[in-house]
Amino acid sequence: MKAGTPLAVYTTTTLSTGAQADGERFTATLAKAIVDGDWVIAKEGARLEGVVVTSDPGGRVKGVASIAVGLRSLTLADGRSIELQTNTVSQEAASTKKKDARKVGIGAGVGAAVGAIAGGGSGAAIGAAVGGGAGTAAALATRGDAATIPAETLLNFTLQQGFTVTEKK
């Protein structure tokens with residue numbers, strides 16, 4: 001197989017920045033058989049092993065979580081395993097800006113209500129500021145959502161280095 005050949009695979013388990021760290025292995029299955037003329041090199045459903053290249057949970061203030069994976073080996077039709085070098089495929093978590101804004105807004109609203117009960121109009125203003133500050137602190141203290149690649153996700157890789165397979169005698 002030549003460098004640049006596409007390889008489509010399905011993940012067998014969920015991969016997540018919340019559960020996997022850099023260097024952890026995972027398995028996948030080949031989405032379509034690899035054939036050369038009439039010769040089947042690797043069957044559809046063949047097992048592949050991959051590695052989590054990076055698992056970044058993201059920052060608390062800015063930056064979203066991201067996970068990048070690559071393939072490292074393929075089981076051939078005759079049962080042998082060969083090493084692979086592919087590009088990496090990445091997934092980022094969704095931004096949590098709206099969720100963070102809600103935390104700040106809810107804190108400000110609760111603070112204003114408490115302040116109004118305690119001290120009238122000026123108490124409402126003070127309460128809103130204090131509540132907004134508490135909401136901001138809550139937003140900054142928590143990380144955003146994990147980056148996730150669900151099980152059975154179709155991922156498209158490209159061989160970075162070709163390989164040669166000869167028939168087993």
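Two strands pair if DSSP finds at least two bridges between them. The strands themselves are DSSP runs of E, at least two residues long, numbered from the N terminus. With that, take Glu49: Ser73 in S7 stands opposite Glu49.

Before I go on, this is a predicted model, where local features need pLDDT of at least 70 and side-chain atom pairs count only at pLDDT 80 or more, while totals for chains, interfaces and linings use all residues. Residues are numbered from 1 along each chain as its sequence is written, and side-chain values use heavy atoms, with hydrogens and water left out.

Now the strand pairs. Start with S1 and S3. They pair in the antiparallel sense over three bridges. Tyr10 stands opposite Thr29 in S3. Next, S3, residues 25–30, pairs with S6, residues 47–56. Again the sense is antiparallel, now over five bridges. Phe26 has Gly50 in S6 as its bridge partner. Thr27 stands opposite Glu49 in S6. Then S6 pairs with S7, residues 66–75. That pairing is antiparallel too, over eight bridges. One general point: in a regular strand the side chains alternate between the two faces of the sheet.

On to the core. A nonpolar core is a set of buried Ala, Val, Leu, Ile, Met, Phe, Trp, Tyr and Cys residues joined through side-chain atoms within 4.5 Å. Buried means under 20% relative accessible area, exposed over 50%, partly exposed in between, with a 1.4 Å probe and protein chains only. The largest nonpolar core here has 29 residues. Leu30, Val69, Leu74 and Leu84 have the most contacts inside it. At least two residues of this core come from each of S1, S3, S5 (39–42), S6, S7 and S11 (154–158). Which strand gives the largest share of this core? S7 does, with four residues.

Look at Val69. Contact means heavy atoms within 4.5 Å. Leaving aside neighbours within four places in sequence, Val69 is in contact with residues including Phe26, Val51, Val53, Val89 and Phe157.

Now two buried residues. Thr86 sits in the loop between S8 (81–83) and S9 (89–92). Is Thr86 buried or exposed? Thr86 is buried, because its relative accessible area is 9%. A polar atom of the Thr86 side chain lies 3.0 Å from the backbone nitrogen of Leu71. Not counting residues up to four places away in sequence, Thr86 also touches several others, among them Leu7, Gly70, Arg72 and Leu159.

Ser16 is in S2, residues 15–16. Ser16 counts as buried because its relative accessibility is 12%. Beyond four places in sequence, Ser16 is in contact with Ser55, Ile67, Ala146, Ala147 and Thr148.

Met1 is found in the segment before S1 (6–11). Met1 is partly exposed, because its relative accessible area is 31%. How far apart in space are Met1 and Gln161? They are 8.7 Å apart, C-alpha to C-alpha, yet 160 residues apart in sequence. Outside four places in sequence, Met1 contacts Ile34, Ile41, Leu159, Gly162 and Phe163.

Key
A polar contact is a pair of N or O atoms within 3.5 Å; within protein, one must be able to donate a hydrogen and the other to accept it, and residues adjacent in sequence count only if both atoms are side-chain atoms.
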